[in-house]
Amino acid sequence: MPILAAEFIVWLGFGALLPVLPLFLTEQGIDLATLGLVIAAWPAARLVGEPVFGWLADRTGRVPLMVVGLVATGIFSGLPLLLTGPVAFFVLRAAAGLSTALYDPAARGFLTDTTEPERRGEAFGLYGAAQMGGLLFGPAIGAFGAAFFGGHGFVFLFSAIASVAAAGAIALTARERTAPGRTHPAPARDHVEFPHEGRGASDEWTADHAAPARLLNRGLIAALILNAGGYFATGAYEVIWSIFLDGLGAGLDLIGLTFAMFGLPILVLSPYAGRLVDRRGVLGFIVLGSIAPFVTGLAYTLITNPLLAVPLILIEATGFAFLNPALYSVVASSSPPGRSATAQGLFGAAGTFGFIIGSLMAGSLAELDIRYPFYVFAAVMLVSFVVAMAIGWQVFRRPPPAPQAAMAGL
């Protein structure tokens with residue numbers, strides 16, 4: 001509950017900022033190519049920070065890292081109101097990205113270690129729903145606040161306050177459940193490990209649902225590839241989406257609505273999708289969740305009325321509502337003992353890498369034609385899906401773990 005509450009609060013601030021940030025930066029004289037660089041600074045810092053801080057979180061307390069990361073995120077999110085210019089924006093975005101990299105792997109590792117294996121899909125479905133709940137209401141708060149206070153300054157201040165408030169929620173309510181350096185409980189004395197049969201030796205799995213012996217196994221690698229493909233779209237959209245809709249004649253109110261509409265299916269469907277993942281396995285949800293963004297990425301290039309973006313967003317977001325709990329479940333089950341935050345850090349870094357490439361390419365491609373980033377994203381999503389399925393097919397099609405109570409009676 002502390003993690004879910006903090007995610008909701010943080011994403012209120014992120015949601016308020018997302019529609020405004022590209023417009024604010026271009027109003028400050030930033031061209032599209034430079035805008036891509038500024039947007040990419042945030043994930044570039046995360047790319048470096050998440051694996052390192054994930055490793056650190058497995059060896060120290062998760063809660064202090066989460067609190068410090070959120071407080072720092074709040075500070076650097078508000079400073080663009082005081083420090084302006086291309087260099088300042090780039091540095092502040094990088095600092096904010098590094099701060100969120102301090103928080104995120106520790107938070108997801110905390111969630112993994114405090115959730116039963118047979119309910120992790122549901123737990124991460126709720127995690128995604130909390131994020132999208134913030135994304136749903138955040139743009140409305142940002143739009144109305146900016147209109148009421150007469151400028152974009154309100155949005156940056158609100159985002160900063162939200163991050164600091166989330167840090168307070170974690171500091172007051174979250175408690176470490178395991179000792180540093182040992183994030184998985186030790187097996188019982190009568191625990192039996194089964195030799196791997198019919199699987200590649202590179203995975204070194206000890207049983208169908210036991211944790212793998214190696215960090216870089218087929219399940220985790222396949223999840224990293226899919227996450228990179230999905231976040232390629234996020235990076236591209238963050239650069240061009242507001243500008244794309246503005247070119248179709250949309251106002252700030254409709255632009256904010258589209259961000260909120262992306263959050264709605266994930267808010268409503270993610271917990272249900274997570275429960276289905278726990279009961280039926282991940283394969284079908286990975287297939288559905290990968291195809292939907294590919295199709296909508298192409299469909300966006302065909303619309304001429306900005307209102308048509310809303311139903312397409314609902315379809316795309318429904319795909320991610322099913323994909324994300326499945327991927328988090330794969331990462332959790334593919335984490336070796338004591339390495340859950342490290343695995344989450346690598347998972348986040350893969351998405352960050354995709355985000356960086358997407359945001360860097362989007363600005364340059366958009367200067368040629370605003371539709372080009374959509375074409376490239378659709379191709380990247382398709383390729384990442386095919387490659388991930390080739391690597392992780394045997395892991396994806398495994399049945400879900402049986403409940404611990406049922407296993408105890410065998």
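Student: Why is Asp-369 called buried?
Tutor: Asp-369 has a relative accessible area of 17%. Buried means under 20%, exposed means over 50%, and partly exposed lies in between, with a 1.4 Å probe and protein chains only. Asp-369 therefore counts as buried. Before we go on, note that this is a predicted model, where local features need pLDDT of at least 70, side-chain atom pairs count only at pLDDT 80 or more, and totals for chains, interfaces and linings use all residues. Residues are numbered from 1 along each chain as its sequence is written, and side-chain values use heavy atoms, with hydrogens and water left out.

Student: What makes Arg-371 and Asp-369 a salt bridge?
Tutor: The term asks for a side-chain nitrogen of Lys or Arg within 4 Å of a carboxyl oxygen of Asp or Glu. For Arg-371 and Asp-369 the N to O distance is 2.9 Å, so the pair qualifies. Arg-371, at 35% relative accessibility, counts as partly exposed.

Student: How many salt bridges are there in the whole structure?
Tutor: A search finds 3. One of them joins Arg-108 to Glu-50, with the closest N and O atoms 3.2 Å apart. That pair links distant parts of the chain, since Arg-108 sits in helix α5 and Glu-50 in helix α3, 58 residues apart. Helices here are DSSP runs (H or I, at least four residues; strands are E, at least two), numbered from the N terminus.

Student: What makes Arg-108 and Glu-50 count as buried or exposed?
Tutor: Arg-108 has 4% relative accessibility, so it counts as buried. Glu-50 has 0%, so Glu-50 counts as buried too.

Student: Why are α5 and α12 called oblique?
Tutor: Helix α5 and helix α12 (residues 340-368) pack at about 130 degrees, with their axes 8 Å apart. Angles under 35 degrees count as roughly parallel, over 145 as roughly antiparallel, 65 to 115 as roughly perpendicular, and the rest as oblique. The angle of about 130 degrees falls in the rest, so α5 and α12 are oblique to each other.

Student: And what makes α8 and α11 roughly parallel or roughly antiparallel?
Tutor: The axes of helix α8 (residues 218-247) and helix α11 (residues 309-333) come within 11 Å and cross at roughly 155 degrees. That makes α8 roughly antiparallel to α11.

Note on methods: Axes are lines fitted to C-alpha atoms, for helices over the stretch in contact, and angles run from 0 to 180 degrees between N-to-C directions.
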